[in-house]
Amino acid sequence: MTTQCLENDQDLIRSVNLQAGAISIGRAGDNDLHIADQTVSSYHARIFTYLNASYIEDLGSTNGTYLNGKRIQKHTLHPGDMIKLGKLEIEVTKSN
């Protein structure tokens, strides 16, 4: 799977292939996916992939992590899912 990170105006800012391991997401500069948005916590969430499945986990963020419009703590990701962190939307797509 791949994630497509979109700003509010739906412009693509980054595409990330989900492979075994973890991707940290947040405002702090040492995250794998750095987001310069004050509504995103310094260490907001992480996506981890194990075998053929990817999961997203909220890391105790202030404003929450949303998957398809619902606030989640940890959830399995599927192509077509929309993740929202602050103003950023991340679309999960199937890899080619």
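The paragraphs below go through a predicted model, from its confidence to its sheet, its side-chain pairs, its core and its loops.

The mean pLDDT of the chain is 84, and 81% of the residues score at least 70. Confidence is lowest in strand 1 (residues 2–6), with a mean of 52, and highest in strand 8, with 97. Over residues 6–12 the pLDDT is below 50, and this stretch has 15 contacts in the model beyond near neighbours in sequence.

Strand 5 pairs with strand 6 in the antiparallel sense over 6 bridges. Strand 6 also pairs with strand 9, again in the antiparallel sense, over 3 bridges.

Individual residues show how strand 6 is placed in this order. Glu 57 has Lys 74 in strand 9 as a bridge partner, and Glu 57 is also the bridge partner in strand 6 of Arg 46. Tyr 55 stands opposite Thr 76 in strand 9.

Glu 57 and Arg 46 are linked by their side chains as well. Side chains of opposite charge can pair when their charged atoms come close. What is the N to O distance in the salt bridge between Glu 57 and Arg 46? The distance is 2.9 Å. The count for the model comes to 1 salt bridge. Arg 46, at 31%, is partly exposed.

A pair of aromatic rings is described by the distance of the centres and the angle of the planes. A search of the whole structure finds 1 such pair. The rings of Phe 48 and Tyr 55 have centres 5.2 Å apart and planes at 25°, so the pair is stacked; the angle for that class must be under 30 degrees. Phe 48 is buried at 17% relative accessibility, whereas Tyr 55 is partly exposed, with a relative accessible area of 25%.

The nonpolar side chains form the next topic. The largest nonpolar core has 17 residues, and those with the most contacts inside it are Ile 25, Ile 47, Ile 56, Leu 77, Ile 83, Leu 85 and Ile 90. Strand 3 (21–26), strand 5, strand 10 (82–85) and strand 11 (88–93) each supply at least two residues of this core. The largest share, 3 residues, comes from strand 11. Leaving aside residues up to four places away in sequence, Ile 56 touches Ala 45, Arg 46, Ile 47, Thr 65, Ile 72, Gln 73, Lys 74, His 75, Leu 77 and Ile 83. Among these contacts are Ile 47, Leu 77 and Ile 83, which are also listed with the most contacts inside the core.

Most residues other than glycine have a negative phi.

Asn 68 is another non-glycine residue with a positive phi of about 55°. Its place is in the loop between strand 7 (65–67) and strand 8 (70–72). Asn 68 is partly exposed, with a relative accessible area of 45%.

Ser 41 lies in the loop between strand 4 and strand 5. Is Ser 41 buried or exposed? With a relative accessible area of 13%, Ser 41 is buried. Not counting residues up to four places away in sequence, Ser 41 touches Gly 26, Arg 27, Ser 61 and Thr 62.

Terms used. Residues are numbered from 1 along each chain as its sequence is written. This is a predicted model: local features need pLDDT of at least 70, side-chain atom pairs count only at pLDDT 80 or more; totals for chains, interfaces and linings use all residues. Side-chain values use heavy atoms; hydrogens and water are left out. Helices (H or I, at least four residues) and strands (E, at least two) are DSSP runs, numbered from the N terminus. Buried means under 20% relative accessible area, exposed over 50%, partly exposed in between (1.4 Å probe, protein chains only). Two strands pair if DSSP finds at least two bridges between them. Contact means heavy atoms within 4.5 Å. Rings of Phe, Tyr and Trp (its six-membered ring) pair if their centres lie within 6.5 Å; planes under 30 degrees apart count as stacked, over 60 as edge-to-face and the rest as tilted. pLDDT is the predictor's confidence in each residue, from 0 to 100. A salt bridge is a side-chain nitrogen of Lys or Arg within 4 Å of a carboxyl oxygen of Asp or Glu. A nonpolar core is a set of buried Ala, Val, Leu, Ile, Met, Phe, Trp, Tyr and Cys residues joined through side-chain atoms within 4.5 Å.
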